[in-house]
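Visitor: I would like to learn how to read the strands, helices and cores of a protein model. Could you take me through them step by step?

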Amino acid sequence: LADTPWRVSLYNSLCFADRRWQLLYTAGAGRPPPQSTYSSAGFERFSVRLLRVRNRTEALAAKRRQCWVDGVVFVADLKHAGGGAMGIAHFAKRILRLWGIVRQHEVYRIPDVQHIVFPSTSALQLAHDWPQSMIKLIAPSGVLTTPAENLLRSPCCYEHVVVSGRANTYFVREEDANELRLRAYRMAGVAEQRDTCAPPSLCYFRRSEGAAGGKWEGGPRVIVNVLDVLGIMEAAAQGAGARMRVVNANSSHSFAEQVQLFASCNVLVSVHGSHNANVMWMRPRSAFIELNPFLFYYAAYRELATVSGIDYLPSRRNQIGVTTGTLGVKAARFKKEFARWTDVACQEHTRCRSLARSFPTRVNMSDFKTALERGVQQVVASAVHACALRPASSSSAEQTRGAPQSRPGELRAASVKARVSPIR
């Protein structure tokens, strides 16, 4: 099934030992099969190799007596093993391959998965609420999991192994994104439908804040002109009759809290980072503006937003925000070497990609204003249309008892101003 959207491969009687997956074959039974017949891009951290044995049947019988897992096992692999600060995006790209496969049973016809092996995810990472909740959303109840250290510690063989060779992908179909979002809303206690007459909410995501001791925050990705960004957002919010919030979520927040937060943002402005995997919980027809460092562009978040029904608004022509000191010297060297490259070319070059996101960023304010105007106009226009169609007698579940009720006309009046007045 390598030519299917998820590039699926199924292996029978596959073993793991000595930091590699092993496919046993009998010596003297003809020439060994060529690598192209058994390799898969789905094995990213540990490759699959042939292991020559005297008799495959006898060797497998012996291994059954040592360690053997019956049923279907899914290998949720990724080359990047990460560490204590590994982001949720890396985990999402591992587990959502399984979601895509089980959602298309008529294509893959794979029996229910009873076990998931994570060659690149530690037990500590798996214990966090975000991965645990994603597994509950995606996998059948009672599924067993094996973290990386257990896999390395205990050599074992598996009756059936399924892997997906599609990398850096969250969803391939809009209906899969929609269904997972609805499941997450139910788990997190989020209303499936937005209150269409409530004021829109503009959110600026400030990375690396939260409770002390939180993990997976990564670096701060400093925006040197953040006050200018916030000022433009405040002006846009006032012109649209919207709310402006500075928000944050990290590993000190539960899965439900993160779903609730991102679902509440009509327009999200955020620096690049793993936290943006949560964009999948934003409601359809929302807008997402990603502030990318100089020469750094990661297409996966654009693809995630698009397949989730969210308007992706890029901010890619930003500059390095430091010119002095040791970091300034490094920035000058980086620009001398790579300044003529495109951000797409830089993404394909390991050194350029790694260095590009290590410098503070100065946002191109002209581009940002344009993107923000488009996002606000789209969100407000959508809300006005939906609110105008709502029966006058209906009221918002979010309105406080005794508080004045907003009417469609009030929202419409505020939005007209946002549509005709450019952000100053």
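Visitor: Which residue of strand 5 is the bridge partner of Phe-74?

Guide: The general idea is that strands of a sheet pair through backbone hydrogen bonds, either parallel or antiparallel. In this model, which is predicted, the partner of Phe-74 in strand 5 is Ile-116. That pair belongs with the four bridges that join strand 4, residues 68-75, to strand 5, and these two strands run parallel.

Visitor: How many bridges join strand 5 to strand 6?

Guide: There are three, and strand 5 and strand 6, residues 144-146, run parallel; here Val-117 stands opposite Thr-146 of strand 6. Four of the five residues of strand 5, which covers 113-117, are buried, so the strand is largely enclosed by the rest of the structure.

Visitor: What is the order of the strands in the open sheet of five strands?

Guide: The order is 9-8-10-11-12, and the pairing is parallel. Strand 9 (243-247) and strand 12 (311-315) stand at the edges with a single partner strand each, so one side of each has no neighbour in the sheet. From one strand to the next, the twist averages 15°. Within this sheet, four bridges join strand 8 (residues 201-205) to strand 10 (residues 267-271), and Phe-205 has Ser-270 of strand 10 as its bridge partner. Helix 8, residues 226-240, packs on the sheet, where it touches strand 8, strand 9 and strand 10, and its direction makes about 170° with that of strand 8.

Visitor: At what angle do the axes of helix 5 and helix 9 cross?

Guide: The axes of helix 5 (residues 129-138) and helix 9 (residues 255-263) cross at roughly 80° and come within 8 Å, which means that helix 5 is roughly perpendicular to helix 9. Helix 5 makes the contact through Asp-129, Trp-130, Ser-133, Met-134 and Leu-137, while helix 9 brings Phe-255, Ala-256 and Gln-258. Of the residues in this contact, five are nonpolar, two are polar and one is charged.

Visitor: Which residues have the most contacts inside the largest nonpolar core?

Guide: As a general idea, nonpolar side chains tend to be buried together in soluble globular proteins. Here the largest nonpolar core has 74 residues, and those with the most contacts inside it are Leu-96, Met-134, Tyr-170 and Trp-281. Helix 2, residues 88-102, gives the most to this core, with nine residues. Leaving aside neighbours within four places in sequence, Tyr-170 is in contact with residues including Trp-6, Leu-96, Met-280 and Leu-304. A second, separate core has 29 residues, among them Ile-232, Ala-242, Ile-289 and Phe-368.

Definitions and conventions: Residues numbered from 1 in each chain as written. Predicted model: local features only at pLDDT ≥ 70, side-chain atom pairs only at ≥ 80, totals over all residues. Heavy atoms only, no water. Buried < 20%, exposed > 50% of the residue type's maximum accessible area, 1.4 Å probe, protein only. Pairing = 2+ DSSP bridges. Axes fitted to C-alpha atoms, helices over the stretch in contact; angles between N-to-C directions. Contact = heavy atoms within 4.5 Å. Parallel < 35°, antiparallel > 145°, perpendicular 65-115°, else oblique. Nonpolar A, V, L, I, M, F, W, Y, C, P; charged D, E, K, R; others polar. Core = buried A, V, L, I, M, F, W, Y, C linked by side-chain atoms within 4.5 Å.
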